Amino acid sequence: MLSRTRAAVGCLLSIVPTSSIVLATSGYTPCPPLMELPCDGVGGGGSSGEGTGPCGCGTGQWVVNAPPPRLDPPVPMAEDRSLHEGLVSWTWSMRTTAQPELAMASISVRGRSNMWAAGSFSRYSLAHYVSSRRELWSGGFPACPRLLSLAATGGATLHISASTAARRGCSAFASAATSGTCSSLGAANASIESLVIAGSVGYSESTQDFEVAGNFGPLVDVLTDSVEGSLSASSSWSTEGQGSHSGSASVTVRPDRIYCAFTNRPYVARAAGQAVAGGAGSVEGNGSTSWSSMAVINLSVQ
């Protein structure tokens, strides 16, 4: 009977995945409730079965919990449509995508006046995401230390363009904007706060010139505590035919946004981002107008 019991216990232990168990160490001072040794100060040891580490800890395992992200739209959306308002016609193409660590929105619109008719139109697209994950100790305390490396990654890209014919009443406005954050332990965090480019173009019949407004402009550096990049713009104008203007922006998370330590601290990693692309325009006098905008953001903690 005793041999059968031992055999049963042996079978039970054999089916427990050893890779997910952290065995208690012996002969060491118990680990403090929250210990943290920077990576550059760790000479050896490990966790999750990768060595004994510098202190004694309980028996258990680190468990990662990642709830479903909140996405809008929940599935990628594409819209290609046209609209006729009397003698004014509009066509547009819109795309929006939200993933656990990325949001993208874009729109492109064209409008035309026929028989001297006048009209106006506006559209925008939006996408955003919110995601998180946490790692908690499950088992006897104190929690076992493990080598933990976290890094904030990602960035954002924006682009806008606007074009009008040299006709009275023709104008276009385009804008793109992103914002977001990601955070975890130490310096493993980054933020993009209201990165926006926007501008309008129009034709003035009285001066026979195009008018440009907004933050179209030359190359400008962007540098914050967590991101770096630049904004740029280009334009092409004539008093006959078409006039156009475009601009772009791009930022990336700086490479020093990391956390690395031999630690038994739990962590929570969060990320959220929003992308908005939109614009408006008007046409008159057999003229035409068009605009497009795109916004992409991806921020996460890896």
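**Exercise 1. Salt bridges**

Task: State how many salt bridges this predicted model holds, and describe the one between aspartate 80 and arginine 95.

Solution. 
Step 1. The predicted model contains four salt bridges.
Step 2. In one of them the side chains of aspartate 80 and arginine 95 meet, with an N to O distance of 3.1 Å.
Step 3. Aspartate 80 belongs to strand β4 (residues 77-85) and arginine 95 to strand β5 (residues 88-99), so the pair ties together parts that are 15 residues apart in sequence.
Step 4. Aspartate 80 has a relative accessible area of 51% and is therefore exposed, because exposed means over 50%.
Step 5. Arginine 95 has 29% relative accessibility, so this residue counts as partly exposed.

**Exercise 2. A second pair**

Solution. 
Step 1. The cut-off needed here is that buried means under 20% relative accessible area.
Step 2. Glutamate 135 is in strand β7 (residues 119-139) and arginine 146 in strand β8, so the pair ties together parts eleven residues apart in sequence.

**Exercise 3. A pair between loops**

Task: Find where the partners of the salt bridge between glutamate 284 and arginine 168 lie.

Solution. 
Step 1. The closest N and O atoms of this salt bridge are 2.4 Å apart.
Step 2. Glutamate 284 sits in the loop between β16 and β17 (288-301), and arginine 168 in the loop between β8 and β9 (171-183).
Step 3. The two residues are 116 residues apart, and the pair links distant parts of the chain.
Step 4. With a relative accessible area of 44%, arginine 168 is partly exposed.

**Exercise 4. Asparagine 264**

Task: Describe the surroundings of asparagine 264.

Solution. 
Step 1. Asparagine 264 is in the loop between β15 (258-263) and β16 (267-283).
Step 2. Its relative accessible area is 2%, so asparagine 264 is buried.
Step 3. A polar atom of its side chain lies 3.0 Å from the backbone oxygen of proline 32.
Step 4. The side chain of asparagine 264 also reaches the backbone nitrogen of methionine 35, at 2.7 Å.
Step 5. Not counting residues up to four places away in sequence, asparagine 264 touches several residues, including Cys31, Trp62, Cys144 and Arg146.

**Exercise 5. Valine 64**

Task: Compare the separation of valine 64 and proline 266 in sequence and in space.

Solution. 
Step 1. Valine 64 lies in strand β2 (residues 60-65).
Step 2. Valine 64 and proline 266 are 202 residues apart in sequence, and their C-alpha atoms are 9.9 Å apart in space.
Step 3. Leaving aside neighbours within four places in sequence, valine 64 is in contact with Arg133, Arg134 and Glu135.

How values were computed. Residues numbered from 1 in each chain as written. Predicted model: local features only at pLDDT ≥ 70, side-chain atom pairs only at ≥ 80, totals over all residues. Heavy atoms only, no water. Helix = DSSP H or I, 4+ residues; strand = E, 2+ residues; numbered from the N terminus. Contact = heavy atoms within 4.5 Å. Buried < 20%, exposed > 50% of the residue type's maximum accessible area, 1.4 Å probe, protein only. Polar contact = N/O pair within 3.5 Å; in protein donor to acceptor, adjacent residues only side chain to side chain.
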